[in-house]
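Colleague: I am new to this structure and would like to learn how to read it. Could you take me through it one feature at a time?

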Amino acid sequence: MLAATVHYTRDLDLAEECVQDAYAQALQTWGRRTPVPARPGAWLTSVARNRALDRMRRASVLRRALPLLVVDEAVPGPEEGVEAPVDDDRLRLIFTCCHPALSRDAQVALTLRLLCGLSTVEVARAFLVQETTMAARITRAKKKISAARIPYRVPAREELPERVDAVLEVLHLVFTTGHAAPVGESLIRRDLVDGAIGLARVMHVLLPQNGEVAGLLALMLLIDSRRETRVGADGRLLLLAEQDRSRWDTDQINEGVALLVESLRRQPPGRYAVQAAIAAVHAESPSWADTDWAEIVALYDVLRSLWPSPVVDLNRAVALGMRDGPEAGLAALEPLLDVPAMATYGYLSAARADFLRRLQRWAEAEAAYEEALALTGNEVERAFLAGRLREIRDHV
Amino acid sequence: MAKYMLLIYGNEQEWAAMTAEETQRLDDGHAAFVAAAGSAVLSSHQLEPGATATTLHGDLAGRATPTDGPFLETKEGLGGYYVVEASDLDRALALAQLLPELKMAHCAVEVRPLVDVG
């Protein structure tokens, strides 16, 4: 809706205001004076659009009506009343928000604000920054879009690979932030997860041939298929080993696996396809005990060559520990202790703590759990780690 | 249409150390750039090195004191600029990518929109 309104106003701020006005009007009239329309989305869009046109007309100064967002004339917008199979306006807005001329922080913030509909406060919360800082970041990004005339369009074919990479990275970040919220009381932020999956679906409709788009969508669906089982009835975090696999969403797993197969058929696998393949091994394993750890370690080796990162090394070390035992896992984690980027990464401490616990090296395990506890801000994760710590202390 | 300034930055020592051949190649590169950009180029100049600059620092009373050197004293300096016209940032970036300095490791090109006063 916002995207369609931007198409008319070419001004992000004006479009946002008009969409809010349309919602306000709907709240006041629907179900009271008038029935809820059959297509509420279309109704809201046309109210927002009319409101925008009205505002621009009233602002009679010519400057106001000058296009602030550059629209590529070569790409026609959807015709009035015709529902295009691909939501063109939304795609243009995705590519505008993820334009490489904007910093990654700004890309993510704009995507959350304008495409996932989060308020500035919520975006700030998701990224652990002050509201004023986030408001300034978003304002700066919007100003750059209009002053530097970042075009509001889907990039040309030859520019696509580079632009798609940025979009996928942003969507992946939105998804992972929602999947394990860095702060707050709930482990999962459904709005972020659903927003990311929805946008990945839009990308997949636009670029059905792109293996990485299919790979990322597959990854999201496979991981999200476990959502009902990640937290127990008592609010406790449940690890993969403890989850009730019968409650995993099989439709979502099947869709994810089909997308993954499609992605692998198209081109040599990229990082998202390989990550999706790892998620698929877990999803298709009948039980934790039957997990094919050799396959998972091999996939992490491929992932490491495509996308070297200490976080990948950490996950590989954990898988290696499952394949060859805790002693081997601990040894594989050792080199990561010297990586500066990992100094405040709580999952490294948590992984070490688990291997030390299984080796019954209680005192070291206690220290590692304390460290992990100090490094997470998520309540559900904290409760899990605190529980483990209590068990350890019985042995110390 | 919008106007953008393409600011060409680089390491002054490396520029000064260029051989005659390398300088010629760079000049040819700029000739090719101007030919490719056509009427998009509105103005352009190469700058003398930063050491030839004089900077005026004012005080609250409006008196200005000249000092030797550029405003920012770094190894890297502004070597020259183009003002070009383009419909949007993507087009401006595509133009800037034709600059020969982008084949030199020590250089970078900043693309900055000019304030639209029209």
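Colleague: To begin with chain A, how many helices and strands does it have?

Modeller: Helices (H or I, at least four residues) and strands (E, at least two) are DSSP runs numbered from the N terminus, and by that reading chain A has 19 helices and 2 strands. This is a predicted model, in which local features need pLDDT of at least 70 and side-chain atom pairs count only at pLDDT 80 or more, while totals for chains, interfaces and linings use all residues. Residues are numbered from 1 along each chain as its sequence is written, chains are lettered from A and ligands numbered from 1 in the order in which they are written, and side-chain values use heavy atoms, with hydrogens and water left out.

Colleague: What does the confidence look like for chain B?

Modeller: The predictor's confidence in each residue is pLDDT, from 0 to 100, and where it is low, the predicted coordinates should not be read in detail. For chain B the mean pLDDT is 93, with 99% of the residues at 70 or more. The model scores ipTM 0.81 and pTM 0.75.

Colleague: In which order do the strands of the open sheet in chain B stand?

Modeller: Strands of a sheet pair through backbone hydrogen bonds, either parallel or antiparallel, and two strands are said to pair if DSSP finds at least two bridges between them. In chain B, 4 strands form an open sheet in the order S2-S5-S1-S6, with antiparallel pairing. Strand S2 (41-46) and S6 of chain B each have a single partner strand, so one side of each is left without a neighbour in the sheet. Neighbouring strands of this sheet are turned by 20 degrees against each other on average, direction ignored, where axes are lines fitted to C-alpha atoms (for helices over the stretch in contact) and angles run from 0 to 180 degrees between N-to-C directions.

Colleague: Over how many bridges do S1 and S5 of chain B pair?

Modeller: Strand S1 (residues 2-11) and strand S5 (residues 76-86) of chain B pair over 10 bridges, and Asn11(B) stands opposite Glu76(B) in S5(B). Helix H3 (residues 89-96) of chain B lies across S1, S5 and S6, running at about 150 degrees to S6(B); contact here means heavy atoms within 4.5 Å.

Colleague: Which residue takes a positive phi in the hairpin of S3(B) and S4(B)?

Modeller: That residue is Gly62(B), with a phi near 90 degrees, in a hairpin that has 5 residues between the strands. Strand S3 (residues 54-58) of chain B pairs with S4(B) in the antiparallel sense over 5 bridges, and Thr55(B) has Thr67(B) in S4(B) as its bridge partner.

Colleague: Is His30(B) buried or exposed?

Modeller: Buried means under 20% relative accessible area, exposed over 50%, and partly exposed in between (1.4 Å probe, protein chains only), so His30(B), at 16%, is buried. His30(B) is found in helix H2 (residues 20-37) of chain B, and, not counting residues up to four places away in sequence, His30(B) touches Ile8(B), Tyr82(B), Leu99(B), Pro100(B) and Glu101(B).

Colleague: And where is His179(A) placed?

Modeller: His179(A) belongs to helix H9 (residues 160-179) of chain A, and is buried, with a relative accessible area of 18%. Leaving aside neighbours within four places in sequence, the contacts of His179(A) are Leu187(A), Ile188(A), Val193(A), Ile223(A) and Arg230(A).
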